[in-house]
Amino acid sequence: MTRLLFSIPVHERPDIVLEQIRNIGYFCPGSVICLHVSATALAEKEAFRALCEAENVLINPNSYETKWSAGIMHTHISNFLHANGTNVAFDKIVLISSNEMLVKPGLADYVGKYDIGSQMEVYDKASDWGVFREAYLQHPGMQSFLSLLSLPLFFGGQAEGQFASRHIFSQLSRAFIDHFPMESIGFPIEEVVLPTFAARLAMTGVTVGQPITLCNYCNNLDIDADVVETVRSGKGAVFALRIPKALRSPHVGASVLDSVFSVKRVPREACELRDYINSLMV
């Protein structure tokens, strides 16, 4: 069976992160989890380190600064490099956030079908998505990254729920380090690097899977118990209006819920949605 490494950047609420660790352990047993604790949360790093008592949880010794919407791909790269340097075995890496939760089993089997999974939206000047900006396309690192891949444009997609094989992510990590700094660069590069890598592979005949997280930060979808049950069924579709200047969801308005295993956003506090998802873990 495919063994997954979950990469999670964290910056607050060790107690909620512990709940997420238990959630992953229930719905995707046998997985490995690597936490990157933001430099802005160093005061709580010991509390996060206590979570490492579980043998499947790694705490990245590096703590890079993170800024909202300014790029956190460097934290996932760092998590991968740390996990790759240990004796922990894993086959694929899955990028998730600390405010999402798994809601059904079967993720390892789904991810095992693909070498890489990502949304792939081609750079389009007609789109109003905030990441499709000429300044980001002309960023020196982006230009050299695209030159490496022999592409004139980048691709974009939601960061949450992207995944890749250990081999592919190793290649991506080397490319990232060669062309971008290990810091926030001013825009959400995590929504660009893996989608662009995935698109380049798709051009060579690789079948790319869907990201595994249903997100509502770009639309008006109210994630509640009914939506969770629809996701768990893997049938039908959910519908919502896109927020202007936000990214199109790969899962809204399409019958692809058999590829969804996690939902976001789940507030990092006690709430009805969190309680309902926890009630599924019986």
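This tour moves through a predicted model, from its sheet to one helix and then to a pocket. Residues are numbered from 1 along each chain as its sequence is written. Local features need pLDDT of at least 70 and side-chain atom pairs 80 or more, while totals for chains, interfaces and linings use all residues, and side-chain values use heavy atoms, without hydrogens or water.

**The sheet.** Select the six strands of the open sheet, whose order is S3-S2-S1-S4-S9-S6, with mixed pairing. Strands are DSSP runs (E, at least two residues; helices are H or I, at least four), numbered from the N terminus, and two strands pair if DSSP finds at least two bridges between them. At the edges, S3 (57-59) and S6 (116-117) each pair on one side only. Next, select S1 (residues 4-10) and S2 (residues 32-37), which run parallel and are joined by six bridges. Valine 10 has valine 37, in S2, as its bridge partner.

**Helix H3.** Now select residues 73-84, the 12 residues of H3. Among the buried residues are Met73, His76 and Phe80. Their cover includes S1, S2, S3, strand S4 (92-95) and helix H7 (166-179).

**The largest pocket.** Finally, select Trp68, Ser69, Glu160, Glu190 and Glu191, the closest to the pocket centre of the 39 lining residues. A pocket is an open set of points on a 1 Å grid over the protein atoms alone, where a 1.4 Å probe fits, with protein on both sides within 12 Å along at least five of seven lines; lining residues have an atom within 4 Å of a point. About 1100 Å³ of space lies here.

Conventions:
Points joined across faces, edges and corners; volume = space filled by probe spheres on them. Expected span 1.5 Å × (residues − 1). Buried < 20%, exposed > 50% of the residue type's maximum accessible area, 1.4 Å probe, protein only. Contact = heavy atoms within 4.5 Å.
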